[in-house]
Amino acid sequence: MTGPEVSNYDIVNHWFDLAADRMELRDDIREVVRTSYREVQVQVPVTLGDGKIHVFKGFRVQHNGARGPYKGGIRYHPAVDLDEVRALATLMTWKTAVAGIPFGGAKGGVDCDATALDESELQQITRSFIDKIEKVLGPQRDIPAPDVGTNAQTMAWMMDEYGKLHGHTPAIVTGKPISLEGSYGREAATGRGIVHMFREAAPSLGLQPADCRVVLQGFGNVGSWAARIIAQLGATVIAVSDADGAIHAEEGLDPEALALHVRDGGKVAEFEGEGAAAITPEELLALECEAFIPAALGGMIHAGNADLLNTRIVVEGANSPTTPQADEILAGKGVHVVPDVMANAGGVVVSYFEWVQNLQHFRWEEREVNEKLGSIMRRTYREVSARASEDEVPMRVAAYQTGIERVVDAARTRGYIS
């Protein structure tokens, strides 16, 4: 599949401008809440297995902290640059506000290819990066989390490196291993949140989960958990893709078996489940289904392929997976879109729970975590859906208006703006 022609930065700013125009937000206030509070770029030199020093670029963007400490993941990917991180940090500001949790928005990243590095090399990069940015982090200041190319092990290294300078501080990162005060339910949280959003939307579309065919674009942490959990509702996962290919089985795939296959190093297209056949990523988009979950990278649904989609609902698991032009095409086809700014908030919601548990040095049971997550996701969907109906706008515009409104209110209450 060809890469996106529109950057995440362009996508996020498009929706911000549209919502701000509808709100008639003053230009001076708009500039305050659009731009980042702090942007840090650092050099990350490490000696890799080839014996040479490789110099990577590391970024941490703190977009807005009016509603609480900065919060957002750290991404390891060759495409990471300042614009990408800035866009993702901005999106986090609106996401935490829409979900109603007391965080601001941040994001970080290193422009390395995590898939081409061994564990010792990744650990070197992680520790060097944290050494460079630790002064802007803190459990009451800025709390990183995993993102593309990073995981619980990465967070453990970050916590340990920060702890060398500041003492044992588990609340400095979320998404940690359970053995280091991570939270039960965190690994599956984003995927579980997506399924909650689907369940909330389904009745208004006349859909019953048990009668739905589901297609997933992307089968990393988010996609694999969304597939497993939605299958537990009786839905049939008929197709899945990853960066290397796609498979289709009209009678349904076994998400648990596929997740084990991928965990053990296999590619999605190599999966030999009953009835599974390799297809192209373009063919995957065109499959007739009731629910389509984009859970890969940004801009993957664009003007060149959006018309291929043959679904009733899109629940966005990735950040900015749909370009504005594609969004218009989907609207014209009558596709109900649950936008990223609310649909994939499950991860940051349970990160909030993990942070709260760490501050208390007290652990909740997984059942309690999942119940609290469900409560917040359901409330978020209903609030945004009601606003969308009242204002006669798409859910994405209603979500952005809700997020911006809450950030502006917090900034005004603090006295940042008048």
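The accessible surface of the protein chain is about 17,000 Å², and carbon and sulfur atoms hold 47% of it. Areas of this kind come from the Shrake-Rupley method with a 1.4 Å probe, and for residues only the protein chains shown count as cover. The model is predicted: local features need pLDDT of at least 70, side-chain atom pairs count only at pLDDT 80 or more, and totals for chains, interfaces and linings use all residues. Residues are numbered from 1 along each chain as its sequence is written, and side-chain values use heavy atoms, with hydrogens and water left out.

Consider the chain as a whole. Its secondary structure consists of 14 helices and 12 strands; these are DSSP runs numbered from the N terminus, helices being H or I with at least four residues and strands being E with at least two. The radius of gyration is 20 Å, close to the 22 Å that the globule rule gives for 418 residues, so the chain is as compact as a globular protein of that length. That radius is taken over C-alpha atoms, and the globule rule is 2.2 Å times the number of residues to the power 0.38. Along its principal axes, the C-alpha trace spans about 55 × 55 × 45 Å.

Of the 418 residues, 59% count as buried. Buried means under 20% relative accessible area, exposed means over 50%, and partly exposed lies in between (1.4 Å probe, protein chains only). Among contacts with a separation of 6 or more, 69% join residues 24 or more positions apart, where contact means heavy atoms within 4.5 Å. The chain carries 40 positive and 58 negative side chains, and the centres of the two sets lie 8 Å apart. Lys and Arg count as positive and Asp and Glu as negative, while His and the chain ends are not counted. Each charge is placed at NZ of Lys, CZ of Arg, CG of Asp or CD of Glu.

Next come some of the strands. β1 (residues 38-47) and β2 (residues 53-64) pair in the antiparallel sense over 10 bridges; two strands pair if DSSP finds at least two bridges between them. P45 has V55 in β2 as its bridge partner. The two strands β1 and β2 form a hairpin with 5 residues between them, and G51 in the turn has a positive phi of about 85°. Strand β2 also pairs with β4 (residues 105-110), in the antiparallel sense over 6 bridges. Here V110 in β4 is the bridge partner of G58.

Two helix residues can be followed into the interior. T380, in helix α13 (residues 366-391), is buried at a relative accessible area of 2%. Leaving aside neighbours within four places in sequence, T380 is in contact with V98, A99, M197 and M342. A343 is in helix α11 (residues 340-343) and is buried at 0% relative accessibility. The C-alpha atoms of A343 and G317 are separated by 6.5 Å, although the two are 26 residues apart along the chain.

Two loop residues remain. E181 has a positive phi of about 65° although it is not a glycine. It is in the loop between α5 (152-166) and α6 (189-201), and is partly exposed at 26% relative accessible area. S320, also not a glycine, has a positive phi of about 50°. S320 is found in the loop between β11 (313-315) and α10 (324-332), and is buried at 3%.
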